[in-house]
Amino acid sequence: MSEILYDAAGFPMLRVDAIDAYIHWLPVTKIQFEYFLCDRPSSQFDQDWYNGILQLNPRVSPQQIAQKNYWESFITGIRPDEARAFADWCGEQDGAEYTLPTGPEWFKAYQILKSDPAREIAEITTEKLSDRTRKLLIRIDKAVRDRPRETLSLADQMLMRDGVMEWVATEADKRPWAAFGQPNKTFFANLYTPDSGQPQIPNDYEQRLRSHGFRLLRRSA
Amino acid sequence: MNAIKCPLCTHILTTPLQQCPACDRPLPRGFYEQCRNAPPIWLMTGGFPKHGKTTYLSALILKLENLGQVLPGAYHLCRDGYTNDAIRQMRRETQLGDQPPATPRGATQPLVISIHHLPEQTDRTIVMYDVPGEIFHSLEEIPDYVPGLSEIQTIWMLVSLSELNANADGYSLPGLFHAYFTALDQKKVDLTKLSVVVVYTKADMVENFPAAVSEYLLSDPYRRSVGGADADKGRGFAMSAYLQEMERISQVLEEFTDRNVKGGNAFVNMGRHLGMKLKFSAVSALGQAPDQEYNRLQSEAEPARVLDPFLWSLWLSRPADTVKRAQDDQLLLLLDSGGAAQPLYDEGLALALWNELKLRGFPARVHYLGQSKAVSHPGQTPPARPAQRPRHRLIGPILEQSQGTRAVVLTTGPISDLADFRSGVWRHSLFLVTTEEDDAADWPLTFHYRSGDSASAIVDLLTAARPE
């Protein structure tokens, strides 16, 4: 079984055996979401909707990504149902099942990846990627590596910390969505850490949360 | 590649030589090798006596000496001693403020100058014949003065309207053109492959030019002393934007010629009838009239728009393989279908552009911006109206999923993800046509569309752009 796969927008997903799924290498980017927008024009995701998203977290071009702004690559301010629409679209492209991870799945993947060392980005940026995607991955990787820290784990490299908050599904009926991850503190100051094993529960699902993005799982068929 | 010919007698050269085997005269150094990499532009300049031709050419040559200040990285080389001496003389006269003497009569030897690192990474060799004004009295003399007449691709007709209006000698625009025409006809030159650039010299002295022309002269971003420092160095040269302005002024001057220049209507009609590419430009070699008594300038020369005829020549004589390669490429026509896009369709620009592209051999696949799926395939007419549901101004998924290597984008506003492609291959092959005057995209190939602009001008610029 291949260790790396690519989603419908050509972005890499890494296999994590412990959860029997592929997980996006990074939180979903605006470039990925724009593939969805261009393939499925709809009144729900119209220009006003996207302008609102960009107001919360502006767009940055891959060649301008740096330590001070790399979170602008990711689509945030998005609600869980909107993230699910993207997941459904991904599934329609290749017939696989794409979902938001559950809280336990996210945390399990995090723990596994936290114990693995970071990889050479060249292992991920294969010739299958578009120039733009390759540039984005390399620039983000450089921004992550430039930040002083004792060790760089694979989870750090994949921005499960120091990235954005990420929507996950829960089993609670009244609060079906929560968030794991950790936003970069310049992007969104916070004290939350995923190491607690407890997801953060938002007060209001209708409110767009600037710090909240997502990544998907691709279930193994 | 076209045959490489001796610039002195047009004998075909097949190997690198120091001396032409036909005319026995020394060839410019490295001429054969040079022309293999830098295709020659054969250029003839002519005009009536005292119409400012020699003064203009001096200003141009000296501007070319400082070309790197206008086109970053560009430089020139004189390819033989004759050219070197001629340019040194021009430089000396400029430094002294003297006006150059008229072109002497006698068999003309061309100036041979190679220009390197032009836009689109091209090099060209200029073979320029400066024909003395007096010979236009006797038409049969021209072939004797210009041995390379049959090779000429571009003619500059240098005309001073102030001198023409005084008309002491009975000269006229059709008369000058007739002189060329007679000479070219003798040599059986295919006139449909010929470009004629009418260069209105001493433009600072023409009182009845349209205001647009005067403003254009004054707004020359490189209007500084011919050999002096350039305030605009480092600002970069947006070739497409400059060509767009040149095209606009050419149209203004053509209309002016048609209506206001004696014999102008006949000249324009004749040129069009013969199928030649006809362009107009206005230049001022000095920016002032020299002191008549001493034939010297009272202050430092401030030439305006002297590069324009040169840039026209580069563009109009670009190598055929550039055009052919462009036609081999698939082309995308991307139409804004956002909330404010209706005016683009009301003016019929998309259809006019699509038709013009088709005529030039570029059948386009059409997409709305923000829609991956094509709305019409090559051969199908584009939609006459925007999509019912407005689309995002997004381009990335279309570019990355297409097999195309060139694109024309019509938009009324900024494209969210265009900047993503600034440093990639699309930088030199995506042509942005925008109705926004103050667009912030700063895209290198941008055409600021104004109501009434022709689709052919846009396609001209597109075909000049070369994919990497």
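## Two strands to start with

In chain A, β1(A) pairs with strand β2 (residues 12-16) in the antiparallel sense, over 3 bridges. Strands here are DSSP runs of E, at least two residues long, while helices are runs of H or I of at least four residues, and both are numbered from the N terminus. Two strands pair if DSSP finds at least two bridges between them. Within this pairing, A:Tyr6 stands opposite A:Pro12 in β2(A).

Before going on, a word about the model: it is predicted, so local features need pLDDT of at least 70 and side-chain atom pairs count only at pLDDT 80 or more, while totals for chains, interfaces and linings use all residues. Residues are numbered from 1 along each chain as its sequence is written, chains are lettered from A and ligands numbered from 1 in the order in which they are written, and side-chain values use heavy atoms, leaving out hydrogens and water.

## The open sheet of chain A

The open sheet has 5 strands in the order β1-β2-β3-β8-β4 (chain A), with antiparallel pairing. At the edges stand β1 (4-6) and β4 (97-99) of chain A; each has a single partner strand, so one side of each is left without a neighbour in the sheet. From one strand to the next, the twist averages 30 degrees. As background, strands of a sheet pair through backbone hydrogen bonds, either parallel or antiparallel.

β2(A) and β3(A) run antiparallel and are joined by 4 bridges, and A:Arg15 has A:Tyr22 in β3(A) as its bridge partner. The hairpin of these two strands, β2(A) and β3(A), has 4 residues between the strands, and A:Asp20 takes a positive phi near 55 degrees there. On to the next pair: 3 bridges link β3(A) and β8(A) in the antiparallel sense, with A:Leu217 in β8(A) as the bridge partner of A:Ile23.

## What covers the sheet?

Which residues of β3(A) are buried on its two faces? On one side they are A:Ala21 and A:Ile23, and on the other A:Tyr22 and A:His24, so that both faces are covered. Buried means under 20% relative accessible area, exposed means over 50%, and partly exposed lies in between (1.4 Å probe, protein chains only). In a regular strand, side chains alternate between the two faces of the sheet.

Helix α4 (residues 103-114) of chain A lies across β2, β3 (21-24) and β8 (217-219), running at about 85 degrees to β2(A). Such angles run from 0 to 180 degrees between N-to-C directions, using axes fitted to C-alpha atoms, for helices over the stretch in contact.

## Chain A as a whole

Chain A contains 6 helices and 8 strands. Starting at the N terminus, its elements run β-β-β-α-α-α-β-α-α-α-β-β-β-β. Of its 221 residues, 57% count as buried. Among contacts in chain A with a separation of 6 or more, 67% are between residues 24 or more positions apart; contact means heavy atoms within 4.5 Å.

## Around helix α6 of chain A

A:Asp156 is found in helix α6 (residues 154-157) of chain A. With a relative accessible area of 4%, A:Asp156 is buried. Leaving aside neighbours within four places in sequence, A:Asp156 is in contact with A:Val144, A:Arg149, A:Thr151 and A:Arg161. The C-alpha atoms of A:Asp156 and A:Pro117 are separated by 9.2 Å, and these residues are 39 residues apart along the chain.

The loop between α6 and β5 (165-169) of chain A holds A:Leu159, whose phi is near 60 degrees, a positive value in a residue other than glycine. A:Leu159 counts as buried, at 0% relative accessibility. A:Asp162 is also found in the loop between α6 and β5; it is not a glycine either, yet has a positive phi of about 65 degrees. At 8% relative accessibility, A:Asp162 counts as buried.

How many of the 13 residues of α2(B) are buried? The count is 12, so this helix is largely enclosed by the rest of the structure. Among them are B:Tyr56, B:Leu60 and B:Leu64.

B:Leu60 and B:Leu64 are also in contact with B:Phe310, as are B:Ile115, B:Ile126 and B:Trp156, leaving aside neighbours of B:Phe310 within four places in sequence.
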